[in-house]
Amino acid sequence: MKIAVLGGGNGSFAAAGDFALSGHEVRLWRRDADQVAAHRAAGSRILVKDHNGRHDVKLALVTTGIAEAVNGAELILCPAPAFAQTDIARLLAPHLRDGQVVFLPPATFGSMIFAQAARDAGNRANACFAETGTLPWLTRKHGPFEVAITIRAKRLPLGVFPLDQAPRALEVIGQAFAGAIEPCGDALSGALMNAGPIIHPPLIVMNAGPIAHFEKWDIHKEGTQAAIRRVTDALDAERIAVREALGYGAPHFPLAHHYAREGEIWMYGRGSHDRLTDSGDWRERIVLTEHRYMREDLRLGLSLLVSVAGLAGVATPLAKGFLAIGGAICGEDFTQGGRTLETLGLGNLDKAALQTLLRKGF
């Protein structure tokens, strides 16, 4: 399959390397011209390290030209942070063609941003957009063109916009993630599966002291204590209550299953938390005012949850509290703006109208 991967971060390199390792034709697009030139000079290769060893794979193309990257691609995968989605969506919008599937893992309802960008660009191509609850790889780059994959996702709940095109999206994405894709309904259902806004805000806010004190700190090892886990579960209960109020059924992929040694298997499978902490790759420097855990997961992810909860009539005191504290840490007011139904241009829709839009599209 021809796959275009957009971005130059951990997730994009894991995707490009892993897809190439699986025999797909992979084109990697990123905006940094110097990095693209260096990557080409190095042979357009990525070294993928996983539990099976080291794999040197070659990409079909590394480019700064997004039109060149996505031309003829059946699947366009963009694992860039949510705060980068608006710019990338505008660049991609004129180049989408009939039948293409844009997959955002995860997205914080970013599927709507990409769909709206195509509409605003006057592009009426019959493309569709999908998002899931986590990045399909637990991964970190170890060098400019080297990436370590600690875990590959076992279950990826997939929401599609418009929902009427879900069969095509599931078929195309399923070719890239054999056996891992599970339909969960429309794009908002997919957005409400996003684990980042649940796991990361308690970990960074409640570990703010050691994060600021130590040069590097593993929020998933020393930072994951019983008291914090209880808060995480309570925050996750708010997310699940919103899903249920909107009529989305189980499985809701509660984050508690990520840590459990028995019961339902979570997105990354059994034992993934231990493998993550054993890798040492998440012992890292986190600048609280800048890191994507704050700017993406807390700022955008929780503002979306609070906004959708308002439509659903569900109280979210913890989500609102973390927005307030995160904003105070950054010297900003996170309770205003962010990624909400209003900022997405959907604030005038009631629940029924929003569900119709999600099913049929624009």
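The end C-alpha atoms of residues 2-101 lie 11 Å apart, and this span is 34% helix and 29% strand, where helices (H or I, at least four residues) and strands (E, at least two) are DSSP runs numbered from the N terminus. The structure is a predicted model, in which local features need pLDDT of at least 70 and side-chain atom pairs count only at pLDDT 80 or more, whereas totals for chains, interfaces and linings use all residues. Residues are numbered from 1 along each chain as its sequence is written, and side-chain values use heavy atoms, with hydrogens and water left out. In UniProt, an unreviewed entry lists residues 2-101 as "domain: Glycerol-3-phosphate dehydrogenase NAD-dependent N-terminal"; UniProt positions are given in the numbering used here, feature names are shortened, and annotations may be inferred rather than shown by experiment. The unreviewed entry also lists residues 183-330, as "domain: Opine dehydrogenase", and for this span the end C-alpha atoms lie 37 Å apart, with 60% helix and 3% strand.

Aromatic contacts were examined next. Rings of Phe, Tyr and Trp (its six-membered ring) were paired if their centres lie within 6.5 Å, with planes under 30 degrees apart counted as stacked, over 60 as edge-to-face and the rest as tilted; by this rule the count comes to seven aromatic pairs. Phe-19 and Trp-137 form an edge-to-face pair, at 5.8 Å centre to centre and with 75° between the planes. Because Phe-19 lies in helix α1 (residues 10-21) and Trp-137 in strand β9 (residues 137-143), the pair ties together parts that are 118 residues apart in sequence. Phe-19 is buried, with a relative accessible area of 2%, and Trp-137 is likewise buried, with a relative accessible area of 2%; buried means under 20% relative accessible area, exposed over 50% and partly exposed in between (1.4 Å probe, protein chains only). Phe-103 and Phe-177 also form an edge-to-face pair, with 5.8 Å between the centres and 75° between the planes. This pair links distant parts of the chain, 74 residues apart, with Phe-103 in strand β7 (residues 101-104) and Phe-177 in the loop between α6 (166-176) and β12 (181-186). Both Phe-103 and Phe-177 are buried, and one aromatic cluster is formed by Phe-19, Phe-103, Trp-137 and Phe-177.

Charged side chains also meet aromatic rings. The charged end of Lys-141 sits over the ring of Phe-13, 4.0 Å from its centre, and Arg-119 lies over the face of Phe-362, at 4.2 Å from the ring centre; for such a contact, NZ of Lys or CZ of Arg is within 6 Å of the ring centre and within 35 degrees of the ring normal.

Leu-358, placed in helix α15 (residues 351-360), counts as buried at 0% relative accessibility. Leu-358 and Val-160 are 198 residues apart in sequence, while their C-alpha atoms are 8.3 Å apart in space.

Backbone geometry was considered last. Most residues other than glycine have a negative phi, and most peptide bonds are trans. A cis peptide bond, with omega of about -10°, joins Phe-161 and Pro-162, and Pro-162 lies in the loop between β11 (156-161) and α6. The peptide bond from Ala-250 to Pro-251 is also cis, with omega near 5°, and Pro-251 is placed in the loop between α10 (226-245) and α11 (256-259). Phe-253, found in the loop between α10 and α11, has a positive phi near 50° and counts as buried at 4% relative accessibility. Phe-109, in the loop between β7 and α5 (110-120), has a positive phi of about 70° although it is not a glycine, and is buried, with a relative accessible area of 0%.
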